[in-house]
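Dear colleague,

Please find below the structure that I am handing over to you, with its sequence. My notes on what was found in it follow.

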Amino acid sequence: MKIIVNLDVMLAKRKMKAKELSEIIGISVVNISILKQSKGKAIRFSTLAAICKALDCQPGDILEYLD
Amino acid sequence: MKTRDFIIAVAFFLGVGYLLTIIQFDSDEPSFYVFVIIMVGIFVFNFLARKSYSLKPYFTSKFNVLTSKYNSVVSSELPKELMFQKMLEVLRNQGLKVVFESEQNLQILATKGISWKSWGENIYIDFTEKDSVIQMNFTSTTVMGIFSWGANEKNYSSLLFNFEESLTI
């Protein structure tokens, strides 16, 4: 039972690189990599909103609950 | 460990005290000057050598009684390379000066400046993989000082706290 971050899938769909996204939303590439690997402890609403805005998607497109 | 440090410190001060008593601060006594020159020499050498990662064994050796050490191992789920980058970010955000970093060998040396507690500390970090678990080896040593007065332990706890905090993205 865990939350999976599908950021790499969305990045691939939008043909955007992690570095590009990090520059747009203003967080480090290291943090993007941690998010992509679902190794983060928590994600702020502000970060989620910035990612959704940059990738033109919904939070559900990025986060997935697996039982 | 602390008891051993305490015994070494007491023995050191008793030894120095005894030495100074028999020398009696006689300006004609050459051994007094030899003692002072040796102590100043070690002090200056430690300050010059602190930025060299290759001298880690000198500062962290159990035989070096003039430095206080603290080491700990932390396991992580993050890959080694990512953990290395993350630790660099955390160290810099914490205001520590990263004086050496090797992405190839995954080694970091950060220094902390002089405070009223100590003459500064060196923080050595490297990463190993044991049974497919990533381990971060943390060592904090004083540049010069038999006691760190909790500075080494504080470095460790604040680094760990900031690392955990930084995982909230």
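**Helix packing in chain A**

In this predicted model, helix α2 (residues 18-25) of chain A packs against helix α4 (residues 45-55) of chain A at an angle of about 120°, and their axes lie 10 Å apart. The crossing of α2(A) past α4(A) is right-handed. On the α2(A) side the residues that meet the partner helix are A:Leu21, A:Ile24 and A:Ile25, and on the α4(A) side they are A:Ala50, A:Ile51 and A:Ala54. By class, this contact consists of 6 nonpolar residues, with no polar and no charged ones.

**A residue of helix α3 in chain A**

A:Val29 belongs to helix α3 (residues 29-36) of chain A. Is A:Val29 buried or partly exposed? With 15 other C-beta atoms within 10 Å, A:Val29 is partly exposed, because a residue counts as buried at 20 or more such atoms and as exposed at 12 or fewer. Leaving aside residues up to four places away in sequence, A:Val29 touches A:Ala18, A:Lys19 and A:Ser22.

**Overall make-up of chain B**

Chain B has 5 helices and 5 strands. Read from the N terminus, its elements follow the order α-α-α-β-α-β-β-β-β-α. Of the 169 residues in chain B, 27% are buried. When contacts between residues at least 6 apart in sequence are considered in chain B, 58% of them join residues at least 24 apart.

**The sheet of chain B**

The strands of chain B form an open sheet of 5 strands in the order β1-β5-β4-β3-β2, with antiparallel pairing. Which strands lie at the edges? They are β1 (69-76) and β2 (97-102) of chain B, each of which pairs on one side only. From one strand to the next, the twist averages 15°. Helix α4(B) packs on this sheet and touches β1, β2, β3, β4 and β5 (133-142) of chain B; the direction of α4(B) makes about 165° with that of β4(B).

Two of the strand pairs may be described in detail. Strand β3 (residues 107-112) of chain B pairs with strand β4 (residues 121-130) of chain B in the antiparallel sense over 6 bridges. Here B:Ile108 stands opposite B:Ile125 in β4(B). The pairing of β2(B) with β3(B) is likewise antiparallel, and it runs over 5 bridges. In this second pair, B:Val98 has B:Ala110 in β3(B) as its bridge partner. β2(B) and β3(B) also form a hairpin, with 4 residues between the strands. Within its turn, B:Leu106 has a positive phi of about 55°.

With kind regards

Methods: Residues are numbered from 1 along each chain as its sequence is written. Chains are lettered from A and ligands numbered from 1 in the order in which they are written. This is a predicted model: local features need pLDDT of at least 70, side-chain atom pairs count only at pLDDT 80 or more; totals for chains, interfaces and linings use all residues. Axes are lines fitted to C-alpha atoms, for helices over the stretch in contact, and angles run from 0 to 180 degrees between N-to-C directions. A crossing is left-handed if the near helix is turned anticlockwise from the far one by less than a right angle, and right-handed if clockwise. Two residues are in contact if their C-beta atoms, placed from the backbone, lie within 7 Å. Ala, Val, Leu, Ile, Met, Phe, Trp, Tyr, Cys and Pro count as nonpolar, Asp, Glu, Lys and Arg as charged, and the others, Gly among them, as polar. Two strands pair if DSSP finds at least two bridges between them.
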